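Subject: Structure handover and findings

Hello,

Below is the structure you are taking over, followed by notes on what was found in it. Please read the notes with the model open.

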Amino acid sequence: MLGKRIIALLMALFTLAAIPTTNVWAATPTGLAPGDVLVKPLPGVPAIGFPGDTIEIYPVEGVTIQSLQIISILHGPYDLQILGTESGVVKARIPEDAAPDVYFLVVKSDKGEVTIPNGVWVMKEAPTVLRIAQGSDFHVTSGSKMGFVCGDYFQKSITEILKYCQNPIPMHSYTATDSFMTYYAMVGSNGENIVNIILATGDDVDTNGDRAGYEMLDQAITYATAAGTPFISVKGNHDHPPTYYLQYVGPRYFYEVIGDFIIIGLDSRGEERHPEMEQLQWMEQVLKEHPDKIPIVLVHHPFWYISRYEGGVVENLTAFDDNDWQQIKKLASWDWVGRNGEYEDIARYFLQLVEKYNVRLILSGHIHKDKPVLYIDKDGNEHWFYALTTTGAPDKTSNPPSQTDINRGYTKPSWYVHR
């Protein structure tokens with residue numbers, strides 16, 4: 001199986017390289033994007049199930065689904081049986097004989113036909129362990145924005161990088177993103193994929209109105225799909241407002257059940273920099289409805305400011321105690337609390353949800369720096385908040401760090417393509 005998967009990946013790379021970027025999902029001549037036909041699943045939020053399971057397909061209002069089919073590099077095609085429509089949601093059954101894999105979803109509708117990479121993930125068994133590859137801040141662009149790589153440094157300035165390296169390598173954000181996807185889509189020596197899933201924490205593109213940039217992102221997702229690795233992403237501030245995000249990546253916020261786990265994707269809404277209260281109330285309802293699942297939350301803007309950008313430990317406090325909250329809010333990010341505490345009811349409610357429902361892992365991006373924060377509540381429960389450095393954007397730190405960088409805590413490089 002290992003040899004077959006590697007050969008399949010190589011065949012996929014050669015085949016897909018010949019496909020024009022703008023047609024990566026086999027769009028019809030009308031130029032349909034995935035989100036012109038479906039609200040969900042989309043390339044950043046797949047439908048998930050086992051052979052024989054019923055999955056939900058959410059068509060765009062006014063669109064009639066005529067047929068559904070899944071196909072991968074090694075398996076299929078399989079026709080999904082459409083069982084009916086309830087409150088606008090199409091119920092479709094995965095065939096009993098469908099091989100476990102990550103599939104392209106071929107959707108025929110009265111509006112046209114699209115093929116969606118990462119459309120359906122058919123699982124072999126419910127995972128009890130998730131091996132996660134986190135990527136963040138891909139900043140894919142169809143423009144010429146470049147950086148220069150030299151060891152751990154990824155800098156915008158060629159003159160500065162030359163102080164550290166005689167032969168810097170120019171790197172485009174798409175090249176970095178494509179490399180990230182391809183690397184984590186490969187298999188290990190045991191014949192299994194290196195990871196169960198790729199999770200991305202926002203700023204998928206550099207400019208929210210760059211339609212071609214989103215098409216390039218979907219091309220990178222296609223490589224992961226071809227190799228059988230599922231992908232889930234959330235919005236970042238560069239994806240806001242969602243001019244094309246809803247057409248090429250996924251909905252603003254969502255949840256996915258994966259075996260023993262539930263992944264909740266939140267939208268921190270551009271310059272608002274935190275979810276609105278209604279979104280958090282939705283999150284609590286989801287958590288109430290899945291009490292037996294281990295929650296993982298994805299949100300672009302990090303919750304904590306503690307120790308500038310180096311991370312740390314916050315312990316023996318609780319967001320349910322008024323006195324404790326006065327200490328906590330001094331350590332939380334202004335993005336969540338507000339410079340004058342104007343959003344602290346949202347920040348406090350979020351942390352209360354983390355404690356109440358024992359959310360073990362909260363993944364973020366945005367700051368282009370690695371920043372782990374371990375929050376240990378008064379009951380001794382550990383909650384890991386991890387902000388990840390950028391995958392595809394030049395480091396914000398100058399070479400050597402300026403005094404402004406040092407004052408902000410940017411004292412060392414942290415860019416690398418693979419994490």
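Lysine 329 is partly exposed, with a relative accessible area of 24%; here buried means under 20% relative accessible area, exposed over 50%, and partly exposed in between, with a 1.4 Å probe and protein chains only. The side chain of lysine 329 meets that of glutamate 344 in a salt bridge, at 3.2 Å from N to O. Lysine 329 is in helix α7 (residues 322-331) and glutamate 344 in helix α9 (residues 344-356), so the pair ties together parts that are 15 residues apart in sequence. At 21% relative accessibility, glutamate 344 also counts as partly exposed.

The model is predicted: local features need pLDDT of at least 70 and side-chain atom pairs count only at pLDDT 80 or more, while totals for chains, interfaces and linings use all residues. Residues are numbered from 1 along each chain as its sequence is written, and side-chain values use heavy atoms, with hydrogens and water left out. Helices (H or I, at least four residues) and strands (E, at least two) are DSSP runs, numbered from the N terminus.

Salt bridges

The whole structure has 12 salt bridges, each being a side-chain nitrogen of Lys or Arg within 4 Å of a carboxyl oxygen of Asp or Glu. One of them joins arginine 252 to glutamate 276, with the closest N and O atoms 3.1 Å apart. Arginine 252 sits in the loop between α5 (245-248) and β15 (254-258), and glutamate 276 in the loop between β16 (261-265) and α6 (277-289), so this pair ties together parts that are 24 residues apart in sequence. Arginine 252 is partly exposed, at a relative accessible area of 27%, whereas glutamate 276 is buried at 16%. Both residues belong to a network of salt bridges that links Lys235, Arg252, Asp267, Arg269 and Glu276.

Another salt bridge is formed by the side chains of aspartate 335 and arginine 273, at 3.2 Å from N to O. This pair links distant parts of the chain, 62 residues apart: aspartate 335 is in helix α8 (residues 334-337), and arginine 273 is in the loop between β16 and α6. Aspartate 335 counts as buried at 16% relative accessibility, and arginine 273 as partly exposed at 25%.

Aromatic pairs

There are 17 aromatic pairs in the structure. Rings of Phe, Tyr and Trp (its six-membered ring) pair if their centres lie within 6.5 Å; planes under 30 degrees apart count as stacked, over 60 as edge-to-face and the rest as tilted. For tyrosine 78 and tyrosine 103, the ring centres are 6.0 Å apart and the planes at 75 degrees, so the pair is edge-to-face. Tyrosine 78 is in strand β5 (residues 78-86) and tyrosine 103 in strand β7 (residues 101-109), 25 residues apart. Both tyrosines are buried.

Phenylalanine 303 and phenylalanine 385 form a tilted pair, 5.9 Å centre to centre with 35 degrees between the planes. Phenylalanine 303 lies in the loop between β17 (294-298) and β18 (312-317) and phenylalanine 385 in strand β21 (residues 382-387), so the pair ties together parts that are 82 residues apart in sequence. Phenylalanine 303 is buried at 2% relative accessibility, and phenylalanine 385 is buried at 5%. One aromatic cluster takes in Phe303, Trp304, Trp336, Phe350, Tyr375 and Phe385.

Helix α3 (residues 173-185) has 13 residues and should span 18 Å at 1.5 Å a residue; its end C-alpha atoms are 18 Å apart, which agrees. The expected span is 1.5 Å times one less than the number of residues. In α3, 10 of the 13 residues are buried, so it is largely enclosed by the rest of the structure. Among the buried residues of α3 are Tyr174, Phe180, Met181 and Tyr184.

Helix α9 also has 13 residues, and it reaches 18 Å from its first C-alpha to its last, close to the 18 Å expected. Just after α9, asparagine 358 takes a positive phi of about 50 degrees.

Regards
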